[in-house]
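Please walk through this structure one part at a time.

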Amino acid sequence: MTLSTIILIAAAIGLAIAVWVHPDRKLSEALGISKRQAIFLIPVIIPAIISAGFVAQLLPSEEIGRWVGAESGFAGAMIAAAFGALMPTGPMLILPVVAALLSANAGDAQMMALLNAWMMMNVQRLLLYDIPLAGGSLTMRRFTLGLVLTPVAAVLGLAIVG
Amino acid sequence: MTAPDLPTPKPAAPPNRRGPAIFALSLMTVSGALCWILYGSDTVWRILTEDWDLMVNVVPRMALGVLIYGFLTVLVPRDWVAKHMGRDAGWKGIAIGLVAGALAPGGPWVIYPIAAMLIRFGAEVGAVVTFMMSWSVLGMNRFLVWEVSFLGEELASFRLLAALPVPIIAGLVVRWFWPERAWPRIDRT
């Protein structure tokens, strides 16, 4: 069993106890929220995982290696980051795709840049959630910071992975 | 609890609940059919066997992640967070934003209403930006459930490490160089 699995199990047990002893919170309420979330996720994650294998087989690994492989350095990381910012999907789809890219010769640091850019400045989320829910002013600040900090995180990533 | 609870954000219901499932099913069908046509049925079966290993790894984690998500949603003391992220909070505001963002459950449809509410209840903008950035790049639920499953512990941790300073820098940049008085248009209704 890996460390992260142990952390997840410990967190689930600890939080369940916290909800159970909390005077104003009900376990059934929490489990209801979990159930709705599971009903949403199951039909997404199972086809997404199956797709990951097919997509990895179909991707042109030589081309991917040339553009965003381990040798592509900072420029490759920025190409990957642009893809990350533009890819319109949630974690249950983008992580299988990144797993597929990794098995098709993409570099570690480049995929880290892709994910960081997807997290900080995903364009779909910007239009659907940031602007309507957080307002243009806050969105503008966050996106500008994303533009500056994505390269910073990429440089750190390249330094860590080499 | 002394302060009255802030209104709970609407239950986690993404606006288009069927969209991602339809997309994933279409992707599976199209990519599977292409593999069958281009590489034949043997390759398709080999890939399905490999996918099964991945599934065994992901699904139990996903179940745990979903449980944690439900528990956190009912537990997070939103009133406390808003009170301690106020304009006099200083470094404490940034620190709370960092930790709260990393632990906050849910997708954008939950987090953005919380961020808007924090602003409305008087939280400082730099701390709120740290909160949102921290949720974006350091989200623990996504990290433990999704990233570790698909990237492995090592690569996922490296990415987290590279992104660790980002929310703090973002919050401080907004606080120092782009403070609220320069941007009077933030809604505080």
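Between which helices of chain A is the loop in which N105(A) is found? The loop lies between helix 5 (91-103) and helix 6 (108-121) of chain A; helices are DSSP runs of H or I with at least four residues, strands are runs of E with at least two, and both are numbered from the N terminus.

The model is predicted, so local features need pLDDT of at least 70 and side-chain atom pairs count only at pLDDT 80 or more, while totals for chains, interfaces and linings use all residues. Residues are numbered from 1 along each chain as its sequence is written, and chains are lettered from A and ligands numbered from 1 in the order in which they are written.

Most residues other than glycine have a negative phi. N105(A) is not a glycine, yet its phi is positive, about 80°. N105(A) counts as partly exposed because it has 18 C-beta neighbours inside 10 Å; a residue is buried with 20 or more other C-beta atoms within 10 Å of its own, exposed with 12 or fewer, and partly exposed in between, with C-beta atoms placed from the backbone.

Helix 6 of chain A packs against helix 8 (residues 136-161) of chain A at an angle of about 160°, with the axes 9 Å apart. Axes are lines fitted to C-alpha atoms, for helices over the stretch in contact, and angles run from 0 to 180 degrees between N-to-C directions. The angle makes the two helices roughly antiparallel, a term for angles over 145 degrees; under 35 is roughly parallel, 65 to 115 roughly perpendicular and the rest oblique. Among the residues that make the contact are M112(A) and N116(A) of helix 6 and F143(A) and G157(A) of helix 8; contact means that C-beta atoms, placed from the backbone, lie within 7 Å. By class, the contact of these two helices has 13 nonpolar, 4 polar and 1 charged residues. Here Ala, Val, Leu, Ile, Met, Phe, Trp, Tyr, Cys and Pro are nonpolar, Asp, Glu, Lys and Arg charged, and the others, Gly among them, polar.

Elsewhere in chain A, S51(A) is found in helix 2 (residues 27-58). S51(A) is buried because 27 other C-beta atoms lie within 10 Å. Leaving aside neighbours within four places in sequence, S51(A) is in contact with P96(A), A24(B), L27(B), M28(B) and S31(B).

Helix 4 (residues 91-103) and helix 9 (residues 165-177) of chain B have axes that come within 10 Å and cross at roughly 140°. That makes helix 4 of chain B oblique to helix 9 of chain B. In this pair, I94(B), G97(B), L98(B) and G101(B) of helix 4 meet P167(B), I168(B), G171(B) and L172(B) of helix 9.

The contact between the chains takes 72 residues from chain B and 70 residues from chain A. On the side of chain B that touches chain A, helix 2 of chain B gives the most, with 22 residues. The residues of that side divide into 54 nonpolar, 8 polar and 10 charged.

Technical notes: Two residues are in contact if their C-beta atoms, placed from the backbone, lie within 7 Å.
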